[in-house]
Amino acid sequence: QVQLVESGGGLVQAGGSLRVSCTASGNIFSVRDMAWYRQPPGKRRELVAIIPGGGGTNYADSVKGRFTISRDNAKKTVYLQMNRLTPEDTAVYFCAVTASTGAGAWSTYWGQGTQVTVSA
């Protein structure tokens with residue numbers, strides 16, 4: 001089994017910054033892609049940023065230039081640094097990690113979500 005534990009959400013004023021992190025643990029043989037998604041109130045879940053195992057990063061247009069995704073492979077942790085936050089960034093943020101527990105089988109695992117609220 002693979003578990004993801006997120007931390008770092010909270011309440012911040014518009015223009016402020018937050019960093020959320022997500023650590024994977026359990027019977028992990030290898031980690032590939034690591035990503036952050038978010039689900040605003042009453043809306044569908046959307047991809048915010050992804051950092052593939054092979055390198056590089058991709059961002060949603062709405063967060064480009066404000067958010068930075070990074071990873072620490074040794075710690076099996078992915079981070080999302082969020083700057084210049086706006087009320088439109090208010091959402092539950094979920095991490096998603098594609099990992100193998102061995103035998104060549106890959107699955108995507110999800111965190112429980114962490115609330116980020118940006119006040120005007």
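These exercises work through side-chain contacts in a predicted model.

**Exercise 1.** Classify the ring pair of Tyr37 and Trp110: which kind is it?

*Solution.*
- Step 1. A pair of aromatic rings is described by the distance of the centres and the angle of the planes.
- Step 2. The centres of Tyr37 and Trp110 are 4.9 Å apart. The cut-off for a pair is within 6.5 Å.
- Step 3. The planes of Tyr37 and Trp110 stand at 55°, so the pair is tilted.
- Step 4. Now place the residues. Tyr37 is in strand β4 and Trp110 in strand β10, 73 residues apart.
- Step 5. The structure holds one aromatic pair.

**Exercise 2.** Find which rings have Arg32 and Arg45 over them.

*Solution.*
- Step 1. Arg32 lies over the face of Trp106, 4.6 Å from the ring centre.
- Step 2. Arg45 has its charged end over the ring of Phe94, 3.7 Å from the centre.

**Exercise 3.** Trace the salt-bridge network: which residues does it join?

*Solution.*
- Step 1. Start at Glu46. Its salt bridge to Arg38 has the closest N and O atoms 2.7 Å apart.
- Step 2. Arg38 also meets Asp89 in a salt bridge, at 2.9 Å from N to O. This pair links parts of the chain 51 residues apart.
- Step 3. Asp89 forms a salt bridge with Arg66 too, at 2.8 Å. Both lie in loops: Arg66 between β6 and β7, Asp89 between β8 and β9.
- Step 4. Shared partners join Arg38, Glu46, Arg66 and Asp89 into one network.

**Exercise 4.** Decide for Glu46 and Asp89: buried or partly exposed?

*Solution.*
- Step 1. Buried means under 20% relative accessible area.
- Step 2. Glu46 has 32% and is partly exposed.
- Step 3. Asp89 has 1%, so Asp89 counts as buried.

Terms used
Residues numbered from 1 in each chain as written. Predicted model: local features only at pLDDT ≥ 70, side-chain atom pairs only at ≥ 80, totals over all residues. Heavy atoms only, no water. Phe/Tyr/Trp six-rings, centres within 6.5 Å; stacked < 30°, edge-to-face > 60°. Helix = DSSP H or I, 4+ residues; strand = E, 2+ residues; numbered from the N terminus. Lys NZ or Arg CZ within 6 Å of the ring centre and 35° of its normal. Salt bridge = Lys/Arg side-chain N within 4 Å of Asp/Glu carboxyl O. Buried < 20%, exposed > 50% of the residue type's maximum accessible area, 1.4 Å probe, protein only.
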